[in-house]
Every structure is written in C-alpha cells, then in structure tokens.
Amino acid sequence: MAALMQYLMTWEQMEVSILSNDILLQARDIKKSYYVGTPNELEILHGIDLDIKRGEFVSIVGQSGSGKSTLMNILGILDRQTSGKYILDGVDISKAPNKALSSLRNKHIGFVFQTYNLIARTDAIANVEMPMLYAGISEKKRRARAIELLEMVGMGERMHHTPDELSGGQKQRVAIARAMANDPDIILADEPTGALDSKTGRLVMDIFHELHEKQGKTIVLITHSNELAAETPRIITISDGNIIAEKINDKEGVA
Ligand SMILES: Nc1ncnc2c1ncn2[C@@H]1O[C@H](COP(=O)(O)OP(=O)(O)OP(=O)(O)O)[C@@H](O)[C@H]1O
Ligand SMILES: [Mg+2]
C-alpha cells in the first residue's frame, strides 16, 4: 500500500512537472464583460479555453470585433478578465495583486502592435532599451543588448533614428527588437503587418519565423490574413468571443 501511494505520488508529481514545463500559457473559461453590473452589461469573451505550449507559434484569426485584441490584452496582462483563470509560466495571474502585474508583464511578455507604439522623439536604441530600464538592467548591458537586437532585425545602421525618421517596416522591426529586450517567454503580436505593404509584411513575418525556429520563442500572432495564419503551425479561429475552430497545420507555408 505504501509503495502504491508512493508510486501514485511520484506519478502525480511527474504530471505536474510535465504540465508546468510544457504548457506556458493556460487560459480557462475566460470571460470579459464591459459595463459589469449595469443593465447594458456586454459580454465580449464568452469562456475562452486555450493552452499554448512553450515554443509554439500560434495564430489567432477572426473578423473585426470578434474579440482578438480583448483576448490578447488579457493574455498580455494589459487587462484583467471578468472571470476565469489565467496561468502563465506557472504563475496564477488571476490571483496576482494589481501592483505585481506590470513587473510580470515586463518579465514575461513582449508586445508588437499594428501601429508600432514606439516612443516619439526617442531614438531606436532608447526605445529598445526601455523595457530593460524598467527591469533594472545596467546602462552598459542595456545598450549592448539593444545594439545586438537592432542588428538582429537589420536595423543596426539606423539605431540613432527616431520613429518619425523611419518607415513603417523599419518601425516595426524596432518594435520587434524592443519586444525581445527582456528575453520574454512569449511574444504577442496584434496585427503586426496590418499597416504594412505585403513585401514589408513578408519581412516582418520572416523575423517571427526566425525567432520561433532559431530561438525557440513562443509567438502568438493575431491576424486578419488567412494567408499569414497558414504559415503558422497552429491556427485558432475566434468568432464573436468564442474559439470556434482549431487547426494543426502540417503543411506550413501552404495556404
Ligand atoms: N473598452 C471597451 N468597452 C466596451 N466595448 C469594448 C471595449 N473594448 C472593446 N470592446 C468591444 O469588444 C468587441 C471586441 O473588440 P476587439 O478589439 O477585441 O476586436 P478585434 O477582434 O481585435 O477586432 P479588430 O480585428 O477590428 O482589431 C468589439 O465589439 C468592441 O466594440
Ligand atoms: Mg484588434
């Protein structure tokens, strides 16, 4: 009996450790409502269940207004769900106090937005350094890492340019370098190619593929484009606040 108990315990512990190693992000029955408690309360997300494994490249597709950005803001700890559970890298974000959220976000998540969200009148290098500044990294290390990241995205020559001196694609490359600054567990990209022409969008997608393949980054890509989604190994379709389909893509790159 004792041996059986021990076996069971070991097995259970093993299962927990497999879970915590493998699954980076776990969302359970996530609901989001606005105007909570008022007669016009509006539920936008109706109970999202989602697991994302470490090292996955997943796309989320859906029509305008389907709740993609709302979901991304919750996964990115920019906003809180109204109910449901969200565990990121073993940390129960749903239970974390408000004051812990920004440091959790800064440590775990890199964001890339459609409109870049770079800080104006601040050069590329300082933009990339910003998350490291908040993380308390020394000036010397910040600078070295920022230069390395800007070179990685092909922006080494323009690191002293401010956003208004850069093209859209160049701005997005700086934003990707910034997203990588604190070596986040996960990159959340909300329509990162939405404001770019297809050639420049292609370049940005290539950078994501490289981060995924060569550095093993976990990436969630929100896109309207079925063609871009078809390049990722897993495609999740969201409609009207629900996940309605999930597709594993064994022929990546074939639309
Ligand atoms: N702060 C808010 N207050 C009330 N409703 C909101 C708020 N933010 C978003 N919504 C509503 O939630 C729904 C989902 O919006 P969301 O921005 O998540 O859509 P989306 O899928 O990202 O769309 P798009 O592809 O156009 O970016 C929309 O109907 C929107 O009007
Ligand atoms: Mg959106």
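1. Two strands are taken as paired if DSSP finds at least two bridges between them. On that basis, in this predicted model, strand β3 (residues 57–61) and strand β8 (residues 218–223) pair in the parallel sense over five bridges. Within this pairing, Ile60 stands opposite Ile222 of β8.

2. As to the overall content, the protein chain comprises eight helices and ten strands. It has 255 residues, of which 36% count as buried. Among contacts with a separation of 6 or more, 68% are between residues 24 or more positions apart.

3. Strands β3 and β8 belong to an open sheet of six strands, in the order β6-β7-β8-β3-β9-β10, with mixed pairing. Its edges are formed by β6 (109–113) and β10 (242–248), each of which pairs on one side only. On average, and with direction ignored, neighbouring strands here are turned by 20° against each other. In general terms, strands of a sheet pair through backbone hydrogen bonds, in either the parallel or the antiparallel sense.

4. Which helices accompany this sheet, α2 and α7 among them? Helix α2 (residues 68–75) lies across β3, β7 (186–190), β8 and β9 (234–239), and runs at about 155° to β7. Helix α7 (residues 198–215) packs on the sheet as well, where it touches β3, β7 and β8; the direction of α7 makes about 155° with that of β8.

5. A second open sheet has four strands in the order β2-β1-β4-β5, with antiparallel pairing. Strands β2 (42–53) and β5 (91–92) stand at its edges with a single partner strand each, so one side of each is left without a neighbour in the sheet. Strand β1 (residues 23–34) runs antiparallel to β2, and nine bridges join the two. In this pairing, Ile30 has Ile48 of β2 as its bridge partner. Helix α2 packs on this sheet too: it touches β1, β2 and β4 (83–88), and its direction makes about 125° with that of β1.

6. Is helix α2 enclosed or open to the outside? Six of its eight residues are buried, so α2 is largely enclosed by the rest of the structure. The buried residues are Lys68, Thr70, Leu71, Met72, Ile74 and Leu75. Following α2 is Ile77, which has a positive phi near 60°.

7. Helix α4 (residues 124–134) and helix α5 (residues 139–152) have axes that come within 9 Å and cross at roughly 125°. The arrangement is therefore oblique, and the crossing is right-handed. From α4, the contact involves Ala124, Ile125, Val128, Glu129, Met132 and Leu133; from α5, it involves Arg142, Arg143, Arg145, Ala146, Ile147, Leu149 and Leu150. By class, this contact has nine nonpolar and four charged residues, with no polar ones.

8. Helix α4 also packs against helix α6 (residues 168–179), at an angle of about 30° and with the axes 8 Å apart. Because angles under 35 degrees count as roughly parallel, α4 is roughly parallel to α6. This crossing is right-handed. The contact is made by Ala124, Asn127, Val128, Met130 and Pro131 of α4 with Val174, Ala177 and Arg178 of α6. By class, the contact has six nonpolar residues, one polar and one charged.

Conventions. Residues numbered from 1 in each chain as written. Chains lettered and ligands numbered in written order. Predicted model: local features only at pLDDT ≥ 70, side-chain atom pairs only at ≥ 80, totals over all residues. Axes fitted to C-alpha atoms, helices over the stretch in contact; angles between N-to-C directions. Parallel < 35°, antiparallel > 145°, perpendicular 65-115°, else oblique. Left-handed = near helix turned anticlockwise from the far one by under 90°. Contact = placed C-beta atoms within 7 Å. Nonpolar A, V, L, I, M, F, W, Y, C, P; charged D, E, K, R; others polar. Buried ≥ 20, exposed ≤ 12 C-beta atoms within 10 Å, placed from the backbone.
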